Amino acid sequence: MRAAVGVALVIAGIVAVLGVRLAWASVHDTTTPVRAPGSSPGVDLDPAARGSPSTAAAAGSPSSAGPGTASAGATGIVVVDVVGQVGRPGLVSLPAGSRVADAITAAGGATPEADVSLLNQARLVIDGEQIRVPRPDEVIAAAPGAAGPGAAGGAGGGVGALVSLNSADLATLDGLPGVGPVLAQRILDWRSEHGRFTSVDELGEVSGIGDKLMSQLRPRVTL
């Protein structure tokens, strides 16, 4: 009887000691965060506590802003020259990504004499370009970046680059069909005397240019 009681007391003591040790271990146990090899202290890679490393890298990566964001943020404005049949011809400043229609609006809108159907108003504008808003009978040059048949917006779309009556030099004018050096000089003299051509039809006022030659030149020239 005494032996049984002694064994019971020993077992009870062992159980009590084990219970105390387990309770102490649960209270003082701490989880050591997993660190990447070579990482500095304090960099916790535990996804539950700090978010996954891939998420953090994506948030801080320079490429996360997308290509061209820095340059767009730095330059963000384009300047174009809007001329022809608009309310306020001249330079206008527009946000990058603006279209021809925005440029026309910024220049006071098209006048009643304008034919905007000759323009691609949905085209993105290019910094430094000139946008001419024409009259119905006016042939305009192809815009920068335009391509394909009829890009010049008129019957002269297949004859190559149009010659500007207001900026062409003697050699360029001499290259027009039916125009030699003498007639080219007369065009320059007319421009010096009257200023800029405001219409292709004014080319007919130059001595030596009749109706037949005008019909050849009309699809080849612009203002």
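Tutor: Gladly! The chain's secondary structure comes to 8 helices and 5 strands, and this is a predicted model. Along the sequence the pattern reads α-α-α-α-β-β-α-β-β-α-α-α-β. Of its 223 residues, 26% count as buried.

Student: What makes Arg123 and Glu129 a salt bridge?

Tutor: Their side chains meet at 3.0 Å, N to O. The cut-off is a Lys or Arg side-chain nitrogen within 4 Å of an Asp or Glu carboxyl oxygen, so the pair qualifies.

Student: Why is Arg123 called buried?

Tutor: Buried means under 20% relative accessible area. Arg123 has 16% relative accessibility, so the label applies. Glu129 has 4%, and therefore counts as buried too.

Student: How many salt bridges does the structure hold?

Tutor: There are 2. Arg218 and Asp201 also meet in one, at 2.4 Å, N to O. This pair links distant parts of the chain, 17 residues apart: Arg218 lies in the loop between helix 8 (211-217) and strand 5 (221-222), and Asp201 in the loop between helix 7 and helix 8.

Student: Why are Arg218 and Asp201 called partly exposed?

Tutor: That label covers values between the 20% limit for buried and the 50% limit for exposed. Arg218 has a relative accessible area of 33%, so it belongs there. Asp201, at 37%, therefore does as well.

Student: How do you know that the buried residues of helix 7 line one face?

Tutor: Leu183, Ala184, Ile187, Leu188, Trp190 and Arg191 are buried in helix 7 (residues 181-194). Seen down the helix axis, the buried residues fall within an arc of 155 degrees, so they line one face. As background, an α-helix has 3.6 residues a turn, so residues three or four places apart point the same way. The face turned away from the buried side of helix 7 carries the exposed residues Pro181, Val182, Ser192 and Glu193.

Student: What makes strand 1 and strand 2 a pair?

Tutor: Pairing needs at least two bridges. Strand 1 (residues 77-84) and strand 2 (residues 90-95) are joined by 6 bridges and run antiparallel, so they pair. Val80 stands opposite Val92 in strand 2, and a hairpin of 5 residues joins the two strands.

Student: And how do you know that strand 1 pairs with strand 3?

Tutor: By the cut-off of at least two bridges, they pair because 4 bridges join strand 1 to strand 3 (residues 130-133). These strands run parallel, and Gly84 has Val133 as its bridge partner in strand 3.

Technical notes. Residues numbered from 1 in each chain as written. Predicted model: local features only at pLDDT ≥ 70, side-chain atom pairs only at ≥ 80, totals over all residues. Heavy atoms only, no water. Expected span 1.5 Å × (residues − 1). Buried < 20%, exposed > 50% of the residue type's maximum accessible area, 1.4 Å probe, protein only. Arc of directions from axis to C-beta.
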